[in-house]
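This report covers side-chain pairing and helix packing. Please look over the structure before reading on.

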Amino acid sequence: MKRILTVLGVLMIGSALFAMGANEQSSSSGSGKKDITIVVMPKLVGIPYFNASEKGAVQAGKDLGITVNYTGPTTADAADQVRMLEDLITKGVDAICVAPNNAQALTPVLMKAKRAGILVLDWDTPADPSVVDYSVHQIDDKQFGEHNWDLLVKYMGTSGDYAILTGGLSAANLNSWLDYGLAYAKTKYPNLHLVTDRVPTDEKQQLAYQKTLDLIKAYPNLKGLVCVSTPAPIGAAQAVQEKGMQNKVAVVGSALPTDSGPYLEDGSLKTATLWDPAKLGYLTVCVAYNALKGQKPTDGMDVPNVGKITVLSDGRTIIMGPPSDFLKENYKNFAF
């Protein structure tokens, strides 16, 4: 993997930077300067993953002395995101950071935001590259996709039937991981057999649970499931647990360690792999804030409360770092 580098480059180290940002904001109130408002919009609110990223984004706002408005739809609906963004543009915010449910659907409204002088970032999930100033990625997509397939074969073996559960079929980040993983499997694990097209679960655990029951019934020789979007592995593991098939169907995928615990304990979920979503929220706000202050992300220094990250050669694509694997033996060590 690329050398893990940092994003805040020319800025002062760690706490000194945040102290400076907070002081600037507190003093600006008396000088008549405009307060900074940064919007962070997830795909949807109310699920544990985006609840965790909200905590990080809000904490960054407190550390920097700025206003962070974390808001999004209650379902993974691009049309709802568009309506909310239209309203936010009218209110005149300084930056919009969005995780699109459908990148193409959001392009017109994000272009409108740019014309209004609003800084536009994507985070967690890529938007149309032509309309974003910066793109904040949680991991290297290729590495993460391939890692999921390595985990799959670790538990189900290098041959046999398997299926894929995903969130929404138009989610660019999920599709990227799956595309890389499938390409990797084609050459590395040619004896794996994908029994059907990737199955959408709309970011809902209950739907993932039901879809897994359907797959188990339709494909009696099913040996494994790759699940992306954090509710999907939990719903799949719930179905495997209910059926008592922990030793027959191996479930792996992207999930929070706290959610995964009951299923890791009995083997219905073999491994959950993810990053800390609170750090992702924190990093997103930091990138937006410093861009508004005229400071471009560069390699070479730690992001406070996040760690070392990578800035690609385009100067605007930022990768937070490699994922962590959560197992029965270690999941209790994590607080998200």
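How many salt bridges does the structure hold? The count is seven. The model is a predicted one. Side chains of opposite charge can pair when their charged atoms come close.

| Salt bridge | Closest N and O atoms |
|---|---|
| Lys43 and Glu203 | 3.8 Å |
| Glu146 and Lys142 | 2.8 Å |

**Lys43 and Glu203**

Lys43 and Glu203 form a salt bridge, with N and O atoms 3.8 Å apart at the closest. Lys43 sits in the loop between strand E1 (37–41) and H2, while Glu203 sits in the loop between strand E8 (199–200) and helix H7 (205–218), so this pair ties together parts that are 160 residues apart in sequence. Are the two partners buried or exposed? Lys43 is buried, and Glu203 is buried too.

**Glu146 and Lys142**

The salt bridge of Glu146 with Lys142 lies within helix H5 (residues 141–156). The two residues are four apart in H5, so about one helical turn separates Glu146 from Lys142. Glu146 has a relative accessible area of 18%. Buried means under 20%, so Glu146 counts as buried. Lys142, at 40%, is partly exposed.

**Arg198 and Asp179**

Arg198 is partly exposed, at 22% relative accessibility. Asp179 is partly exposed as well, at 43%.

**Packing of H2 and H10**

Two packed helices are described by the angle between their axes and the distance between the axes. How do these values read for H2 and H10, and at what angle do they pack? Helix H2 (residues 48–64) packs on helix H10 (residues 277–292) at about 40°, and the axes are 6 Å apart. An angle under 35 degrees would count as roughly parallel, and 65 to 115 as roughly perpendicular, so H2 and H10 are oblique to each other. Their crossing is right-handed.

Which residues make the contact? On the H2 side they include Tyr49, Ala52, Gly56, Ala60 and Leu64. On the H10 side they include Pro277, Leu280, Gly281, Val285 and Tyr289. The residues of this contact divide into 12 nonpolar, five polar and one charged.

Notes. Residues numbered from 1 in each chain as written. Predicted model: local features only at pLDDT ≥ 70, side-chain atom pairs only at ≥ 80, totals over all residues. Heavy atoms only, no water. Axes fitted to C-alpha atoms, helices over the stretch in contact; angles between N-to-C directions. Parallel < 35°, antiparallel > 145°, perpendicular 65-115°, else oblique. Left-handed = near helix turned anticlockwise from the far one by under 90°. Contact = heavy atoms within 4.5 Å. Nonpolar A, V, L, I, M, F, W, Y, C, P; charged D, E, K, R; others polar. Salt bridge = Lys/Arg side-chain N within 4 Å of Asp/Glu carboxyl O. Buried < 20%, exposed > 50% of the residue type's maximum accessible area, 1.4 Å probe, protein only.
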